[in-house]
Amino acid sequence: MKKALPRALCLVLALLLLASCAQETVPAPPRAPLPSPSPEKTPEPSPPPPSPDSESGVTPPPDVPEPPYSATVEYGEPELIKDNDGPLFTYIRFPQAGGGFDMPIAVWANWVYQSAREEFEDVLAADENAEGEINVHFNSYLTDDRYVGIVETGSFAHSHAPRPRDIVRTFNIDLSREIFLYPSDILDLGPDGGARALLRELLSEAYPGSSVFLGDIDERWFSQTAIGHDGIIVVLERYAFLPGAFGTPMVTLPYDRLGSALILGQERPPEPPPPSPPKPSSPPVPAQSGTIDPDRPMVALTFDDGPSRHTPHILDLLEQYGGRATFFAVGNLVGGGRDTVARAIELGCEVAGHSWDHKDLTKLDETALRTQMLDTAAAIEAVTGVSLPFFRPPYGAVNDRLKNVARELGLAIVNWTVDPLDWKNRDAGMVYDAIMRDVRDRTIILSHDLFGTTAQAMERVIPELLSQGYQLVTVSELLRHTHDGAALEAGRVYSR
Ligand SMILES: [Zn+2]
């Protein structure tokens with residue numbers, strides 16, 4: 001990326017004061033005509049400025065400019081999760097461009113909504129007059145007609161929370177290679193890579209008094225990083241790195257100051273295929289046979305939200321080591337991933353439904369629920385020839401209406417026992433650690449074949465589970481052994 005704009009010298013900083021997270025925060029730079037501009041939304045009224053955070057004793061920097069209340073939307077069309085009827089006012093905006101990048105972004109937005117709603121339901125149970133608000137907006141930037149950076153920022157607040165919670169998420173896309181990019185694809189985040197030093201320098205310039213907190217800048221500080229016009233935008237979630245009084249700094253590392261710390265845009269050979277996992281060394285991992293020994297421990301690895309380009313790598317590992325897994329596929333992805341789905345079946349794995357388009361099923365009426373489940377089952381059966389008597393709802397979200405329709409359709413609901421939060425941490429080491437910490441005999445482990453980091457984690461998880469004596473079985477096999485061979489009960493929720 002050669003374009004270092006003259007105005008790149010400036011540090012674009014915005015204090016994302018949480019109460020005003022409804023507003024967009026990055027000044028929109030002057031730009032040439034954009035590919036698919038979207039009309040600005042009507043600005044919302046500005047809430048009063050929040051008071052300084054008394055607990056930290058640090059005064060916010062005095063002369064942070066007011067951010068302009070406009071959004072930069074250069075990618076996709078704004079999609080909205082909205083609810084202004086109930087006690088939880090919801091306004092979550094995210095871009096959708098009609099391609100393969102939409103789903104993970106929508107999954108994230110729905111997860112934000114779902115998890116806040118679940119938390120708020122507990123608050124409502126204690127206080128029926130409680131009120132809450134989720135407010136999330138985004139900016140998106142298209143650079144060199146090739147790179148897309150998306151910055152989602154907002155907050156979740158309710159009347160019984162001591163303070164609003166930051167919601168921060170970035171996405172980066174390389175349109176020419178058709179892949180998501182991660183911070184380590186964009187910046188050299190090593191101790192000597194230069195990005196850390198530049199972030200420290202810019203933060204201490206912009207936030208007098210912050211330097212005492214900046215000793216430990218490491219790659220985690222860059223976990224929310226986006227490709228912007230003038231530089232690489234780093235968003236620091238409130239309270240995660242600096243005291244709350246600093247708000248949610250958004251720092252732009254200008255291209256012309258990044259030097260060799262900028263990896264993005266360097267000519268690289270095409271992506272090599274994922275590295276094949278190391279062959280088992282001595283002592284060899286015992287390959288799993290097709291029969292199950294009920295006296296030995298067993299687990300069901302499950303993978304949601306695929307099939308994706310990372311699913312084949314997981315299948316390679318299962319083939320190599322001899323385990324089986326269950327894939328909860330999103331119906332509208334099954335046709336495009338039919339080869340992957342068919343191969344999973346050849347390897348003895350199971351493929352069951354995970355809704356047609358990853359909607360929160362508890363929000364749908366009975367007719368829509370039937371359509372979601374029947375269409376997904378039909379898409380899977382068209383490839384596998386099998387329609388399994390169970391499914392997993394997105395987010396594991398279940399209500400009575402869903403149970404009733406599941407019962408009517410003869411489907412059990414399968415959730416999980418162990419959740420390594422792989423969708424959240426996107427860190428193969430953390431996924432491995434969480435699974436190995438929580439795994440027990442006859443548990444169901446949730447993961448997502450949507451993420452390369454999860455597939456990478458499986459390079460260690462699968463052989464390690466086998467070497468600890470676990471048999472890697474399908475959900476059907478696990479539930480059969482756990483429930484003494486009884487048939488699954490339609491409408492019942494199983495988590496082990
Ligand atoms: Zn899912």
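A residue is counted as buried if 20 or more other C-beta atoms lie within 10 Å of its own, as exposed if 12 or fewer do, and as partly exposed in between, with C-beta atoms placed from the backbone. By this criterion, buried residues make up 45% of the 496 residues in the protein chain. The model is predicted; local features need pLDDT of at least 70, side-chain atom pairs count only at pLDDT 80 or more, and totals for chains, interfaces and linings use all residues. Residues are numbered from 1 along each chain as its sequence is written.

The mean pLDDT (the predictor's confidence in each residue, from 0 to 100) of the protein chain is 82, and 81% of its residues reach 70 or more. Over residues 267-273 pLDDT stays under 50, and the model has zero contacts there beyond four places in sequence. Two residues are in contact if their C-beta atoms, placed from the backbone, lie within 7 Å. Residues 276-284 also stay under 50 in pLDDT, with six contacts beyond four places in sequence. In the protein chain, 72% of the contacts with a separation of 6 or more are between residues 24 or more positions apart.

Helices (H or I, at least four residues) and strands (E, at least two) are DSSP runs, numbered from the N terminus. The protein chain holds 13 helices and 17 strands. Six of the strands form an open sheet of mixed pairing, in the order β1-β2-β3-β4-β5-β6. Its edge strands, β1 (77-83) and β6 (179-181), each pair on one side only; two strands pair if DSSP finds at least two bridges between them. On average, neighbouring strands of this sheet are turned by 20 degrees against each other, direction ignored. Helix α1 (residues 102-126) packs on the sheet and touches β1, β2 (88-96), β3 (132-143), β4 (147-158) and β5, its direction making about 170 degrees with that of β2. For such angles, axes are lines fitted to C-alpha atoms, for helices over the stretch in contact, and values run from 0 to 180 degrees between N-to-C directions.

Strand β5 is largely enclosed by the rest of the structure, because eight of its ten residues are buried. Strands β4 and β5 run antiparallel and are joined by ten bridges, one of them pairing Thr153 with Val168 of β5. A hairpin of six residues connects β4 to β5. The hairpin of β5 and β6 has four residues between the strands, and Glu178 takes a positive phi near 55 degrees in it.

Helix α12 (residues 452-467) has 16 residues and should span 22 Å at 1.5 Å a residue, which agrees with the 23 Å between its end C-alpha atoms; the expected span is 1.5 Å times one less than the number of residues. A kink of about 35 degrees is centred on Met458 of α12, the bend being the angle between axes fitted to the seven residues ending at a residue and the seven starting there. Buried residues of α12 include Thr453, Met458, Val461, Ile462 and Leu465. The buried residues of this helix pack against β10 (298-304), α5 (311-321), α10 (422-425), α11 (428-438), β15 (443-448) and β16 (471-472). Just after α12, Gly469 takes a positive phi of about 100 degrees.
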